[in-house]
Amino acid sequence: MSWWRNCFPPTFRAVFDGDGAGRGPDCVMRIMGLDLGSKTVGVAISDPGRSIATPLETITRPSEGKLRRTLARIEALIVEYEVGALVLGLPKHMHGEEGERAAKSRDFARILERRTGLEVYLWDERLTTVEAHMALEEAGVRRRDRAKYVDQVAAALILQGYLDYGAQSGSVRS
């Protein structure tokens, strides 16, 4: 049995026919960042050392209530990239209060935890989409092409904020 089989929570261990009781000592899992939008979910992934976030993809769905394919894609990426935890953007108003979008993110976090068995950490995402647009503009991405990448770049900014905070405090959890 490969060392990484025991790194997965019980939900995914069956995929590898693993029977380990917990995460192995050699387990180094990546962290996945998610930016939930009304029709898209931006996805980013950390390196195994959990120091750099990289945009991965944008998952689209026909409408806000349609989550089955979105969740299936996230689960497939969790297995493919050996993910040990999720960081989901929590949209707040500029004055810090939470609104309807934050409630939807909290609901999505509960669904993800139940489906994947992984911890989902909520991270303040204020201004990440604006910052993502600015980064894409600075990188020379044409305005009409930015929509393809803005959600995954925002997810990377959310995840990078979480990773940087953990590096400063010495406590990035996975």
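**Fold and helix packing in a predicted model**

Among contacts in the chain (heavy atoms within 4.5 Å) between residues at least 6 apart in sequence, 60% join residues at least 24 apart. The model is predicted, so local features need pLDDT of at least 70 and side-chain atom pairs count only at pLDDT 80 or more, while totals for chains, interfaces and linings use all residues. Numbering starts from 1 along each chain as its sequence is written, and side-chain values use heavy atoms, with hydrogens and water left out.

The chain has five helices and five strands, taken as DSSP runs (helices H or I, at least four residues; strands E, at least two) and numbered from the N terminus. Along the sequence they follow the pattern α-β-β-β-α-β-α-β-α-α. Of the 174 residues, 42% count as buried, meaning under 20% relative accessible area with a 1.4 Å probe, protein chains only.

Helix α2 (residues 68–80) and helix α3 (residues 100–116) have axes that come within 11 Å and cross at roughly 55 degrees. Axes here are lines fitted to C-alpha atoms over the stretch in contact, with angles from 0 to 180 degrees between N-to-C directions. α2 and α3 are therefore oblique to each other, the class left after angles under 35 degrees (roughly parallel), over 145 (roughly antiparallel) and 65 to 115 (roughly perpendicular). Leu 71, Ala 72, Ile 74, Glu 75 and Ile 78 of α2 meet Phe 108, Ile 111, Leu 112, Arg 115 and Thr 116 of α3.

In helix α4 (residues 128–138), the buried residues are Thr 128, Ala 132 and Leu 136. Seen down the axis of α4, these fall within an arc of 75 degrees, so they line one face of the helix; the arc is that of the directions from the helix axis to the C-beta atoms. Gly 140, with a positive phi near 85 degrees, follows α4.

How values were computed: Buried means under 20% relative accessible area, exposed over 50%, partly exposed in between (1.4 Å probe, protein chains only).
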